[in-house]
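Biologist: Before we turn to the model, could you take me through how such features are read, one at a time?
Modeller: Gladly; for each feature I will give the general idea and then the case at hand.

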Amino acid sequence: PASKAPINGDSLGSPLLGPSAEQVKQVVGLPTVSQCAAAVFNVANAAIGAGMLAFPFAYEHTGHVAGALLTVAAAAVLSYTMLVLLDASREQSKSTYHTLVIKLFGQGAGTFLEISIVVYFFLCCVSFLMIIGSMAQPAIEAMGGKGTIFYDKQILSVIGACILFPLCLVLKVESLGFTSFIALGSMLFTVITIITHAVQKPDTQPGDVKSFDISLRSFQAIPIICFALQCHMTGIPAIYSVNTGTSTAHRRR
């Protein structure tokens, strides 16, 4: 007869079904479901975030057909450059844009990029805080707060900065997955509201927007559309967070 396996303390204390799939992924370095979801939400939020609110202004300056063509062209160029950066980050085992540039081009280029990133994100924060102040006013007015201190744009911008400041202190980009999910939900709500309004009021006359409006002012749409779609700063750390096992292996070699 076949011998029975000995019963010892280890076998009694071990789980009958073995480790869970999430535990195995953590041990071998594979990304978990939460890490993958956070990466998707962060990159999507960066690509279709608040910059999309400026698209009507951009299309007004280019025409709706020229604006659509410009959007497709910008998306193609930005997608290609994003893939180049991601391939380089995997090859060099670097988790940020900054460290990748230092590795490939030296400390001088890294310092220049670091200064550029600081200026870029500072101006982005200023723009977004101005948007918060402007767009929160109608909500405050609807709640009967017109004429109060909270109706002032500057006060609303300061309140927004106080709320957002703790999020700027997180050390891992995947920690912002939940806030990116909320942002994407808000953008989806805005799109659904606009579509519903257009369906319910089909007699609303659109503005005088041309199909093609090629002039000097149409060049203002190029940086607006590129800014709305680019997600290069977020892409590398977000994708790196779901490739931890591969990147660690590269570093060990």
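Modeller: Let us begin with a charged pair: Lys146 forms a salt bridge with Glu141, and their closest N and O atoms are 3.9 Å apart. This is a predicted model, in which local features need pLDDT of at least 70 and side-chain atom pairs count only at pLDDT 80 or more, whereas totals for chains, interfaces and linings use all residues. Residues are numbered from 1 along each chain as its sequence is written, and side-chain values use heavy atoms, with hydrogens and water left out.

Biologist: What qualifies as a salt bridge, and how many does a search of the whole structure find?

Modeller: Side chains of opposite charge can pair when their charged atoms come close. The rule asks for a side-chain nitrogen of Lys or Arg within 4 Å of a carboxyl oxygen of Asp or Glu, and the search of the whole structure finds two such salt bridges. Besides the pair of Lys146 and Glu141, the side chains of Arg90 and Asp87 meet in a salt bridge at 3.4 Å, N to O.

Biologist: Where do Arg90 and Asp87 sit relative to one another in their helix?

Modeller: An α-helix has 3.6 residues a turn, so residues three or four places apart point the same way. Arg90 and Asp87 are three residues apart in helix H5, and are therefore separated by about one helical turn. Helices here are DSSP runs (H or I, at least four residues), numbered from the N terminus.

Biologist: Is Lys146 buried or exposed, and how is Glu141 classed?

Modeller: Buried means under 20% relative accessible area, exposed over 50%, and partly exposed in between, with a 1.4 Å probe and protein chains only. Lys146 is exposed because its relative accessible area is 54%, whereas Glu141, at 38%, counts as partly exposed. Arg90 also counts as partly exposed, at 40% relative accessibility.

Biologist: How does one check the length of a helix such as H5?

Modeller: The expected span is 1.5 Å times one less than the number of residues. The 29 residues of H5 should therefore span 42 Å, and the end C-alpha atoms of H5 are 41 Å apart, which agrees. Among the buried residues of H5 are Gly67, Leu78, Met82 and Leu85, and Gly67 is also touched by Thr62, a residue of helix H4 (residues 55-62). Contact here means heavy atoms within 4.5 Å. Thr62 is buried, since its relative accessible area is 4%.

Biologist: What happens to the backbone just after H5?

Modeller: There Ser93 takes a positive phi of about 55°, in a residue other than glycine. Ser93 belongs to the loop between H5 and helix H6 (97-105), and at 12% relative accessibility Ser93 counts as buried.

Biologist: Which residues of H8 are buried, and where do they lie around the axis?

Modeller: Helix H8 (residues 153-164) has twelve residues and reaches 16 Å from its first C-alpha to its last, close to the 16 Å expected. In H8, Leu156, Ser157 and Gly160 are buried. They cover an arc of only 100° around the axis, taken from the directions from the helix axis to the C-beta atoms, which puts them on the same side of H8. Gln154 and Cys162 are exposed on the other side of H8, while helix H7 (107-142) is included in what covers the buried residues. At the start of H8, a side-chain oxygen of Asp152 reaches to within 3.0 Å of the backbone nitrogen of Gln154.

Biologist: How are aromatic pairs judged, and how many does the count come to?

Modeller: Rings of Phe, Tyr and Trp (its six-membered ring) pair if their centres lie within 6.5 Å; planes under 30 degrees apart count as stacked, over 60 as edge-to-face and the rest as tilted. By this rule the count comes to four aromatic pairs. The rings of Tyr120 and Phe121 have centres 5.1 Å apart and planes at 70°, so this pair is edge-to-face. Phe128 and Phe227 form a tilted pair, with 6.2 Å centre to centre and 35° between the planes. Phe128 lies in helix H7 and Phe227 in helix H10 (residues 221-229), so the pair ties together parts that are 99 residues apart in sequence. Tyr120, Phe121, Phe128 and Phe227 form one aromatic cluster.

Technical notes:
Helix = DSSP H or I, 4+ residues; strand = E, 2+ residues; numbered from the N terminus. Polar contact = N/O pair within 3.5 Å; in protein donor to acceptor, adjacent residues only side chain to side chain.
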